[in-house]
Amino acid sequence: MSDVSELDDAPHRTRTAPAVGLRVPTHEDAFVWHRLFDDPQVMEYVGGGVSSELSVYEELTARQRRHDAELGFCLWTLLAPDGEPVGLAGAQPWPREWGPTGEIEIGWRIARRAWGNGYATAAARASLDRLRAAGVPSVVAVIDVRNERSMAVAARLGMERQETYDVPGANRRACCYRVGL
C-alpha cells in the first residue's frame, strides 16, 4: 500500500497517492484481466489496439504465479482502494529476444475506467518497494514512444530514458527507461 504524496500534472499542486493493493493473480484474475483490458484504448500501445484472447491471460496469470513463487515478484493484480481489481502492476523478467534481455521489466496496465486516479504511479512505487525487498538491483520499463502517460509514470518513478528499439514485426519504436534500486 502506498500513501506517499506525488505531484500531478498541474504545477504546484500536490495530491496524496491512492492506497492501492497488489495481490498475486489468481486463476479467476485471467477472466478479470481479459474483461478489464478488452478496450482498444487500453491496448493501444501493448497490442496495437487489439484485445488478447482469454487464453493469453490464463497463461499470463499462471506464469505470474510461478514468478512470485520462484522470484518473489510478478505482475500483480492491482486493486483500487475499495479492493476492486483495476489492472495489473509489477515486474517480470524481460520476456522477448529483442530489447533489454536478461533484465527485470516493471510495468502497469490500468482499465480505462480507472485512468486519472494515480493508480499506475502508486502501484509502480509499491512494486519498486517489493522489488527492492526481493533484492532486485535495477529495473527497466520498455514503453512505446507514443505512450505519453506511461512515460510520465516512469519519470515520476525517477527512471531515466535510455536506448530506443525498433519493435520487431511492428511499425513502431519503444524506449527503455532504467532506474537502480
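Throughout these legends, buried means under 20% relative accessible area, exposed means over 50%, and partly exposed is what falls in between (1.4 Å probe, protein chains only). This is a predicted model, where local features need pLDDT of at least 70, side-chain atom pairs count only at pLDDT 80 or more, and totals for chains, interfaces and linings use all residues. Residues are numbered from 1 along each chain as its sequence is written, and side-chain values use heavy atoms, with hydrogens and water left out.

**View 1. Confidence along the chain.** The predictor's confidence in each residue, pLDDT, runs from 0 to 100. Its mean over the chain is 91, and 92% of the residues reach 70 or more. Residues 1-14 stay under 50. Where pLDDT is low, the predicted coordinates should not be read in detail.

**View 2. Helix H5 and its buried face.** Helices (H or I, at least four residues) and strands (E, at least two) are DSSP runs, numbered from the N terminus. In H5 (residues 148-156), the buried residues are Ser150, Met151, Val153 and Ala154. Looking down the H5 axis, they fall within an arc of 155° (taken from the directions from the axis to the C-beta atoms), so they line one face of the helix. They pack against helix H4 (119-133) and strands S6 (104-110), S7 (138-144), S8 (160-166) and S9 (173-180). Glycine 158 follows H5, with a positive phi near 85°.

**View 3. Strand S7 beside S9.** S7 is largely enclosed by the rest of the structure, because 6 of its 7 residues are buried. S7 and S9 pair in the antiparallel sense over 7 bridges; pairing takes at least two DSSP bridges between the strands. Valine 142 has cysteine 176 in S9 as its bridge partner.

**View 4. Serine 127 in H4.** Serine 127 sits in helix H4 and is buried, at 0% relative accessible area. Not counting residues up to four places away in sequence, serine 127 touches Leu22, Trp76, Ala89, Gly90 and Ile106, a contact being heavy atoms within 4.5 Å.

View 5. A salt bridge here is a side-chain nitrogen of Lys or Arg within 4 Å of a carboxyl oxygen of Asp or Glu. Glutamate 163 forms one with arginine 178, with the closest N and O atoms 2.4 Å apart. Glutamate 163 lies in S8 and arginine 178 in S9, so the pair ties together parts that are 15 residues apart in sequence. Arginine 173 also forms a salt bridge, with aspartate 166; arginine 173 is partly exposed at 37%, and aspartate 166 is exposed at 53%.
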